[in-house]
Amino acid sequence: MSVWKKLFTAVRGGVNDAAENVADGQALRILDQEIREAKEELRRSDHSLTQIIAKRKLADQKVASLKNSIAEYEDHAQAASTKGDNDLALECASKVVELRGQLDAEQKFSDQFGQSEKTLRSNIRQAKDNLRRMEQQVDIVKANESVQKAQTSVSSRHLGANSRMKTAAESLDRIKQRQTQRQAELEAASELASEESGDALEQRLAQAGIKGGNTNADDELSRILGK
């Protein structure tokens, strides 16, 4: 791979990492927005379900009404036949046929609305369960995020305290070194002052036995025995 190709790949990888970091940083906000949108969709679904249920109930009422009318005209046809009025009986029977046609059509509407209602209820229930689980996971993620931020803050303060302790120890060492240097300088200055005042020369003469009462024990013993 050429240098330019490697450089391009590295830049592209850096851009992707930056984009992912931005996306991760906005992840909770994006999830909150998606949850709000999902809730809005579910409210529309609930409204649609309400309309389906209303239409199914109207169809059921129509079916019940048609069944009552059919039973009523069947009774009329039977009564007319009993009285020997066959034309009226046939007219009632014809009405029953007409009503049965309406009943079949209305029953189909009712069945279709009932099936749609059942499917829609199941889908909405599943969507609400999924949304509830998502909200729980988001709550857990937010709680973990808060805890980790607190832990990071405490850890940073601990590292800062350690750094300050290290700096203080280094300052203490420098003070000790400076004091040692100063003490050495003071001793050197004292030696120089002694030499300038002649004390050092007197000390060396005394140590050599040339001057001062620095008689040793052998000399003293010789003097005593020689008396």
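Me: Which residue forms a salt bridge with Arg-56?
Reply: Arg-56 pairs with Asp-60, and their closest N and O atoms are 3.0 Å apart. A salt bridge here is a side-chain nitrogen of Lys or Arg within 4 Å of a carboxyl oxygen of Asp or Glu. This is a predicted model, where local features need pLDDT of at least 70, side-chain atom pairs count only at pLDDT 80 or more, and totals for chains, interfaces and linings use all residues. Residues are numbered from 1 along each chain as its sequence is written, and side-chain values use heavy atoms, with hydrogens and water left out.

Me: Where do Arg-56 and Asp-60 lie?
Reply: Both are in helix 2, four residues apart, which is about one turn of the helix. Helices (H or I, at least four residues) and strands (E, at least two) are DSSP runs, numbered from the N terminus.

Me: What other residues are linked with them in a network of salt bridges?
Reply: Glu-117 and Arg-121 join Arg-56 and Asp-60 in that network. Glu-117 and Arg-121 meet in a salt bridge of 3.1 Å, N to O, and both lie in helix 3.

Me: Is Glu-117 buried or exposed?
Reply: Glu-117 counts as buried, at 8% relative accessibility, whereas Arg-121 is partly exposed at 37%. Buried means under 20% relative accessible area, exposed over 50%, and partly exposed in between (1.4 Å probe, protein chains only).

Me: Nice. What about Glu-74, which side chain does it meet in a salt bridge?
Reply: That would be Arg-100, at 2.8 Å, N to O. The pair links distant parts of the chain, with Glu-74 in helix 2 and Arg-100 in helix 3, 26 residues apart.

Me: New topic: which residues make up the largest nonpolar core?
Reply: There are seven: Ile-35, Leu-42, Leu-49, Ile-53, Ile-124, Leu-131 and Val-138. Such a core is a set of buried Ala, Val, Leu, Ile, Met, Phe, Trp, Tyr and Cys residues joined through side-chain atoms within 4.5 Å.

Me: And which helix gives the most to this core?
Reply: Helix 2 does, with four residues. Another core lies apart from this one and has six residues, including Val-63, Ile-70, Val-96 and Leu-103.

Me: What is Val-138 in contact with, leaving aside neighbours within four places in sequence?
Reply: Leu-31, Asp-32 and Ile-35. Contact means heavy atoms within 4.5 Å.

Me: Zooming out, how many helices and strands does the protein have?
Reply: Five helices and zero strands. Buried residues make up 11% of its 227 residues.
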